[in-house]
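Me: Could you help me learn to read side-chain features in a protein model? I would like the general idea and then a case.

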Amino acid sequence: MTFLRKLALSASVIALGCSSALAADLTVGFSQIGSESGWRAAETSVTKQEAEKRGIELKFADAQQKQENQIKAIRGFIAQGVDAILVAPVVATGWEDVLTEAKEAEIPVILLDRGVDAPQDLYLTSVASDQVKEGRVAGEWLVNTVGDKPCKVVELQGTVGSTPAINRKKGFEEAIAGKANISIARSQTGDFTRAKGKEVMEGFLKAENGGKDICAMYAHNDDMAVGAIQAIKDAGLKPGTDILVVSIDAVPDIFAAMVAGEANATVELTPNMAGPAFDAIDAFMKDGKQPEKFIITESKLYTPADNPQGEYDNRKGLGY
């Protein structure tokens, strides 16, 4: 059903007092980055669950971490005449042309989890966390934990050019700015993957006296942190004790690491970006209501004091 026809239908739906009929008639395309991390898999799972719960037909496309695959998928959704498009953009740049095509086809686009460098009138809204705040919360935890102790940090960055990598780095650096005792000694991308996180951490350990000169490891996501934890253990050191571990996402495996005493802190990124996105689409379809341009989710810090076993149990069934 086309967007204009959907608006016409919405008037009759409202007149009949049957708002659920509109949601059940929606077809939404979802261009997902891929499955580079446990969090990403959970986001996909939760999005599918939310669509099913609301009676929305979801057309799913896995881009396998390639922007060209996402652009192709979005153009495919446009050709199919979907009612709306969700996209979790793999990188921030290079979207203006395809978003313009969606706008000309009168198909609203909602960004999930990540932003784009494109005019804001090309998308309906962006549902995401405050990624700078996530990095800042992680950095503030480290500042409060080490006090005046000299602390050399190694950083595992996310995918180069992605908004989480840019913003989580920025926030962390803001938090430690002015703290002469804390410095980032080494920083390299781990592509948000567990395997690459382990590989890069192995290099950091070799370069820093077998890891003895490293005070803390900051990872832009938990999957890289879990890979790094294994590298630390393989080097004969104790993660969480010899090297502090702080990361972002709050996936089940990082809570399991906390239970084992191998991780110290994580900042939550909820995988349910689709719920607020579908709410925004529904309101827009019904009466043309423009949502807030940026819908921000909470960024909560978790440590071993926050019942990590319970958090693991609560999250393990979400598709991570």
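Reply: Let's start with a charge and a ring: the charged end of Lys 293 sits over the ring of Tyr 123, 5.0 Å from its centre. A charge counts as over a ring if NZ of Lys or CZ of Arg is within 6 Å of the ring centre and within 35 degrees of the ring normal. Lys 48 likewise lies over the face of Phe 60, at 4.4 Å from the ring centre. This is a predicted model, where local features need pLDDT of at least 70, side-chain atom pairs count only at pLDDT 80 or more, and totals for chains, interfaces and linings use all residues. Residues are numbered from 1 along each chain as its sequence is written, and side-chain values use heavy atoms, leaving out hydrogens and water.

Me: How many aromatic pairs are found in the whole structure?

Reply: A pair of aromatic rings is described by the distance of the centres and the angle of the planes. Rings of Phe, Tyr and Trp (its six-membered ring) pair if their centres lie within 6.5 Å; planes under 30 degrees apart are stacked, over 60 edge-to-face, the rest tilted. The search finds three pairs. Phe 255 and Tyr 302 have ring centres 5.5 Å apart and planes at 90°, so this pair is edge-to-face.
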